[in-house]
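Me: I would like to go through this structure by asking what lies behind each term. Please set each value against its rule.

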Amino acid sequence: MKLYCLSGHPTLPCNVLKFKSTTIMLDCGLDTTAALYFLPLPLVHSPRLSKLPGWVSKDGAVNLEKVSTCLLDLSTIDVILISNYHCMMALPYITEHTGFTGTVYATEPTLQIGRLLMEELVTFMERVPKAQAATCWKNKEIQRLLPGPLKDAVDVWSWRKCYSVQEVNSALSKVQLVGYSQKELFGAVQVTPLSSGYSLGSSNWIIQSHYEKVSYVSGSSLLTTHPQPMEQSSLKNSDVLILTGLTQIPTANPDGMLGEFCSNLAMTIRAGGNVLVPCYSSGVIYDLLECLYQFMDSANLGSTPFYFISPVANSSLEFSQIFAEWLCQNKQSKVYLPEPPFPHAELIQTNKLKHYPSIHGDFSSEFRQPCVVFTGHPSLRFGDVVHFMELWGKSSLNTIIFTEPDFSYLDALAPYQPLAMKCVYCPIDTRLNFHQVSKLLKDIQPLHVVCPEPYTQPPPAQPHRSDLMLELQPPPMAYRRCSVLGLPFRRRYERIHLLPELARSLVPSEIKAGVSVATVSAVLQSKDNKHVLQPVPKPAPVPPSKKRKRVTEEPPEVLNPKPLLSGAVPLEPFLAMLHKNGITEVKVEETADGHILHLQTEDVLIQLEEDATHIICDNNEPLRTALRDLVLRFLQKL
Amino acid sequence: MPDIKVTPLGAGQDVGRSCILVSIGGKNIMLDCGMHMGYNDDRRFPDFSYITQNGRLTEFLDCVIISHFHLDHCGALPYMSEMVGYDGPIYMTHPTKAICPILLEDFRKITVDKKGETNFFTSQMIKDCMKKVVPLNLHQTVQVDEELEIKAYYAGHVLGAAMVQIKVGSESVVYTGDYNMTPDRHLGAAWIDKCRPDLLISESTYATTIRDSKRCRERDFLKKVHETVERGGKVLIPVFALGRAQELCILLETFWERMNLKAPIYFSTGLTEKANHYYKLFITWTNQKIRKTFVQRNMFEFKHIKAFDRSYADNPGPMVVFATPGMLHAGQSLLIFKKWAGNEKNMVIMPGYCVQGTVGHKILNGQKKLEMEGRATLDVKLQVEYMSFSAHADAKGIMQLIRMAEPRNMLLVHGEAKKMEFLKDKIEQEFSISCYMPANGETTSIVTNPSVPVDISLNLLKREMALGGPLPDAKRPRTMHGTLIMKDNSLRLVSPEQALKELGLSEHQLRFTCRVQLHDPHSDNDTLGRIYTHLKSVLKTYSIQHVPDGTVIVESIVIKVTSSAEEPNLKVILLSWSYQTADSTATKKKKIQL
C-alpha cells in the first residue's frame, strides 16, 4: 500500500493511493499561485502595465501550474475522489489527453459549482486572447536569465495553458455523482464521502476494505457556516488518516475577520468610496452576502448597491438555493416553509444585489457609486477585477478588501503599485486550525497520520509558534511534492463467504467454554478479489463402459485431507473401549513416555504417549481401521 | 432457515391505504402508512391492531419508511404515530418531508372542518409526528441501527418519491413505493442498480396496461381541452396539488403559448404557488432538462396560469380549471364538478387513478346519476374523459425494473387482484422466479439462503491461491482444508496448524506402521535402492526421496528395510505413515506389493 504525492501544496493536494490493486487519486487541485509571476491580463492593452520595470513583458497567456506527473502514469488511475470544488480545478489536465479511463466521484454540488468555476476560469482566459503564447522562456537557459521569482520556479515545463470548454465538458462527463454516506464499491474497495463542513457538497472520504480503513480528510470546517456540519464519528478506527487542507491563515480568527470586513466596508462607503472584494464566485461569498444583508440595515447603509460580477454570478446564486440537502440544518428547514435557504434571494428581489456576467453591457449603464463590487479572480491577474483595479486604484477613497486566503495580497498588488486606494487584508479561512485538528485527532484516534511537510513544523515566519504545527504520537508521516510513502498496514485477515450448503454441513464441536471449532473442507473460488468457499463436488461416477487401462495413468484422487488431531488417549478408558469391541487379551507395558499395549491375539502393538499414538499392525486393513477409529474417538479434530 | 416475512396491512390486492410490514433478519419495518380514499370509517386506516392488541407500536417496529407524499402512502402517519403511538424513527426524503405535512393538514381540514368528524388527528399531532422524521438523501446509506441499513433510490412518480432498499446482513428487500419508468415533462425515470435483493416488493397499479407513447396521450389531452374551449365549454381537471398538476401545467402553458390561446387557465387553492415553489427549491429532484435550464428559465414560473377564486366558477365563457382533490371525493374539485355537471358542453378530464367509492370512480364507470348527500341526485351530462397521466409504471415498466434489480423473489402490492394475477404469471414465466401477491393481513414467507461471511487468515488464503494456480480448474477442483474457530460471535477460518497454536493445544501424532516381508538376496541398502527405483517409475506424480540414513520417503510415508542376521535374505520392510496421509497410503502400499 503506497501513497504517491503529486503536489506539495497543503491546501491543493493531489495524492495517489494504491490500495488493494486499485489506484485512487485523491483530489487534483490546480495551483494558480504561478499566475502571480505574470502580468495581469487587462481587457484593453495597458501601456503602463506592459512597460512595468522588473516584470517580464513576455505577453504570453497566464500559465497554470499543473500537478507533477513524474511519479506515475495517469492512464493507470482507476478512480479520482474529489473532496471539494476548489480541489478539482486540474481535472481536465488529468482526464484529457492522458489515456485516463477511470471514474471520477464527486457530490452534485461539487460537480455543479466546480463546473461553474472552471467555466469562469476559461472565460477569463479566453476573453483576452493573445496572438501567440511564449514558450521559449521555459528553456532552462533562458529561465535562468529571467527576473524575480520566475527564475527560481521549479518544473516550469509542467506549467500549462488553460484548458478549453470542450475539455471541461469532457472531463466532467466522467464524473459519477455520489451522496454523503453512500457506499460505493469499486473492486474490493469501498469509498464513502462524508460531509466535511467546508463548502457546498464538500466531502472527506473513507476508503476501506473489510479490514483496512484509510480516511482522507481534506478541507474540513467545524465553524457554523452554510454547509452541512462535518461528520466526525465515521472517521473513527482508521488505520491511516491523510490530513490535508488545514487553514492557511492559522493566526486569523474568521469571525474577527468578518467583523473587520464589515467595519472597513462601512467606513469606506460612509466616506463616499467604493469597496472592491476580489473573491471566488462561490463559497465564502454566500456567507459575506448573508452577513452584509443583516449588517447594512443596522449600519444604516441599506441603500448601498452590491454588484456581483462574474460570467457565472447568476448561476452561482441560483445553484446555491437548490442544494438544500447539502446545507446546515438551519437553512435546510427554510425550504420546508418553502423559502429560499439563502437571504441573497431577497437581496436580489429588492434590487440591493445585482449580478452581471461582465462589466460590459448593462452594468456600465446601471451602476451607481458608492458601491460594493464582488468580482474575481482573487489573484488580480485576470477577470473583471483587473479593470476595477485600474479604475479605482488611483483614489484613496476606495478600498480593496482581500478575503480569500489563497494568495499573498502583497504579491497580488505588486504590478499595480504605486496604489492610492486603501488595502485591507481580512482573510477568511474557515478550514480547521491546529487546535481543532488536535482535538479532532484525539477523538477519532487514527493509528497513523499522513500530512504535508509544512504541518510538521511551525510556519517559517513564526518559528517560535510551536502551537501552529501538528504534534502527535506516533509522529505524523510527512510528505512533500514527489514523495512516495509506504503506508504501514498489517493485514491478517480477508473476508470470505461460505455458501449456505457448506455452512449447513459443518459440524462444530466445543473445544473449551465459548470456543467451538469446525473443520472445513471446501473448494475456494476467487474472482474480482471476492472469495467464496463451496462444498467439495461429489466425484462423478466413472462410466462403467470405459475400462481402466493402466493404473499408472490414473489421476491422483481427490480426497479430503485429514484433520489435525489434538488431545490424548487415556489408558483405562481406551482399554475399556478395546474390551467392549472384543479385544480382551491386552498386555500393558509401562514406558518412559507412556504405555505400550500388546494385543496378543491380533499381534498388534499400540504405543500410547502424551502427544502421539503409534499403531503397529501388519497386513490387516480392517483391524487397523477399527483401531484407528477407536483412537480417534478420544481425540479432537481440527 | 432464515426467512423474510411480508404482511400487507393495506394495498394487498388493493389500491390505497399502503402499509406493508416486513420482518427481515430479526428487524421489523413498516413500509408506508397510508389512508384509503374510498372509505370514511375505520377501514380508512390500516388495522394496526394486527401488530399489537394493546398500546404502542414503538417496541414492535424498528423503523417506518414513507415512499412519497401521496395520502394513500402517508395519510395514516399522524394517526399511527400520535394516536396509536410510535416514537421510533420515520424515514422519508427531503421533498416528502417538506410536502407531506401540508397535504396531511389539508386532509385534516377537509375531514374535520368540513365533514365535522371528531376523534381525528389534530394539527399539533401532525407537527409532533413530523418531528420524528429523519430525512433521507438519494443513495445515502442510512444505518438505522448496527445491523439494519436503508438506501433510497429515485422513483420518478412525484417530487421526492423514492424506492428503498432494506438490508440486514446479506439479506435485502427493495420496496418500490409508486414509480415511473419513463421520464415525463418534469420528472426523471426510476432507477436502481443491480442490487439483487432477496425480494422486490413492487406496486402494480397498471399491471395489465401497456400504455401507448406519452406523446400520443399528450396530444390527445391537448386536443380535447382545445376542442372544448373552442366551443365555449369549461374544462375541469381534478388533480392533486402536487405531482401530475405540475406536469399538466407545463403542458398547457407551452400549448397556450404556441397556439396563442386566450381562454383563462386557473389553478384552485392557495397551494399552487407554494407547490410550485417547492418544485423550484427541489429542482435537483426533477428531470435532466429542467435541471439543466433552470438558471435561464424556471419551468415552474407560469405566465398563463392564474389563481382560482370560487366565484370564477360561475363566470360565462370557456376556461380550464385545475382543482383539488384528484378523485372528486371532496373539496373544491367536487364543488366545481357539481356546478358544471349539468352542461354537456363542459368536460371533466380525470388524469389519474380513482379508487373505488369516489365520485371519480363512479363517473369513470359511466354512472350518469349520482346520489349526493341529503338524497339529492346529480345528473352527469358533461363529457367524462379519462387520460392515464398517473406516473405509475405499466406492465412493461415493471418488467424493466425486475430486469434492472434482478430480485430472487417478487411480491406485488398496490393493484387489483385480477390484474396482479395476470402479471404474476407473466413474471414467473419470463424470469422463473416466485411471485407472491398476499391479501391484506395475509403473511408471505420467503426463505432466504444467505451465505456466511467469515474472516479467513491471509496466510491460509494466499497459500491456497498460490497452490490453486491462477485459474481454477473445473475438472480438478482443489480441496482446501481449514479450521473454523467460533468465538464471541466472530467466525475465523485459519489453517489447522494456526488453530492449534491459537487455542493453545498441542498436536497429537497418530502413526501407523506395517511390516512387509520379502525375499531378496541383496543387501539391505540395495533392496531399498530397488524399492526406490521401482517407486520412482510407478509413482511419477509424487515426490520421492532416498535419504542416506537408509530410508525412502514418499511424501510423508517412511520406508525402511531391515533384516535379521539369521536370515539375511528375508527382508522386513517397515512402512510408516501418519493419520493425515492414511488414504493415499493404502494405494501406494498396494503398488509396492506389485
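This is a predicted model: local features need pLDDT of at least 70, side-chain atom pairs count only at pLDDT 80 or more; totals for chains, interfaces and linings use all residues.

Me: How do you know that chain A and chain B touch, and how many residues are in contact?
Reply: Contact requires heavy atoms within 4.5 Å. By that rule 90 residues of chain A are in contact with 80 residues of chain B.

Me: What is the buried area between chain A and chain B, and which three residues of chain A supply more of it than any other three?
Reply: The two chains bury about 7,600 Å² between them, with 59% of it on carbon and sulfur atoms. On the side of chain A, 10% of the buried area is supplied by A:Glu325, A:Tyr336 and A:Lys562, more than by any other three residues.

Me: What makes A:Arg495 and B:Asp455 a salt bridge?
Reply: The cut-off is 4 Å between a side-chain nitrogen of Lys or Arg and a carboxyl oxygen of Asp or Glu. The closest N and O atoms of A:Arg495 and B:Asp455 are 3.4 Å apart, so the pair qualifies. Between chain A and chain B the count is 2 salt bridges. There are also 31 residue pairs in polar contact between these chains, both residues at pLDDT 80 or more.

Me: Which element gives the largest share of the side of chain A that touches chain B?
Reply: Strand β23 (residues 515–527) of chain A does, with 11 residues. That side of chain A divides into 46 nonpolar, 22 polar and 22 charged residues.

Me: Why are β21 of chain A and β23 of chain B called paired strands?
Reply: Pairing needs at least two bridges. Strand β21 (residues 493–498) of chain A and strand β23 (residues 452–457) of chain B are joined by 6 bridges, so they pair, and they run antiparallel. Within this pairing, A:Ile496 stands opposite B:Val454.

Me: What makes β28 and β29 of chain B a pair?
Reply: The rule again asks for at least two bridges. Strands β28 (residues 551–554) and β29 (residues 557–563) of chain B have 4 and are antiparallel, so they meet it. B:Val552 has B:Ile559 as its bridge partner in β29(B).

Me: What is the strand order of the open sheet of 9 strands, and which are its edge strands?
Reply: The order is β26(A)-β27(A)-β28(A)-β29(A)-β26(B)-β30(B)-β29(B)-β28(B)-β27(B), with mixed pairing. Its edge strands are β26 (586–590) of chain A and β27 (544–547) of chain B, each of which pairs on one side only. Neighbouring strands are turned by 20° against each other on average, direction ignored.

Me: Which strands does helix α15 of chain B lie across?
Reply: Helix α15 (residues 524–538) of chain B lies across β26, β27, β28, β29 and β30 of chain B, at about 145° to β29(B).

Me: How do you know that A:Lys20 forms a salt bridge with A:Glu494, and what does the pair tie together?
Reply: The closest N and O atoms of A:Lys20 and A:Glu494 are 2.9 Å apart, within the 4 Å cut-off. A:Lys20 is in the loop between β2 and β3 of chain A and A:Glu494 in strand β21, so the pair ties together parts 474 residues apart in sequence. Over all chains the count is 36 salt bridges.

Me: Where are the peptide bonds called cis?
Reply: One runs from A:Gln369 to A:Pro370, with omega near -5°. A:Pro370 lies in the loop between α11 and β15 of chain A. Another runs from B:Thr324 to B:Pro325, also with omega near -5°.

Conventions:
Residues are numbered from 1 along each chain as its sequence is written. Chains are lettered from A and ligands numbered from 1 in the order in which they are written. Side-chain values use heavy atoms; hydrogens and water are left out. Buried area is the accessible area (1.4 Å probe) that two parts lose on being put together, summed over both. A polar contact is a pair of N or O atoms within 3.5 Å; within protein, one must be able to donate a hydrogen and the other to accept it, and residues adjacent in sequence count only if both atoms are side-chain atoms. Helices (H or I, at least four residues) and strands (E, at least two) are DSSP runs, numbered from the N terminus. Ala, Val, Leu, Ile, Met, Phe, Trp, Tyr, Cys and Pro count as nonpolar, Asp, Glu, Lys and Arg as charged, and the others, Gly among them, as polar. Axes are lines fitted to C-alpha atoms, for helices over the stretch in contact, and angles run from 0 to 180 degrees between N-to-C directions.
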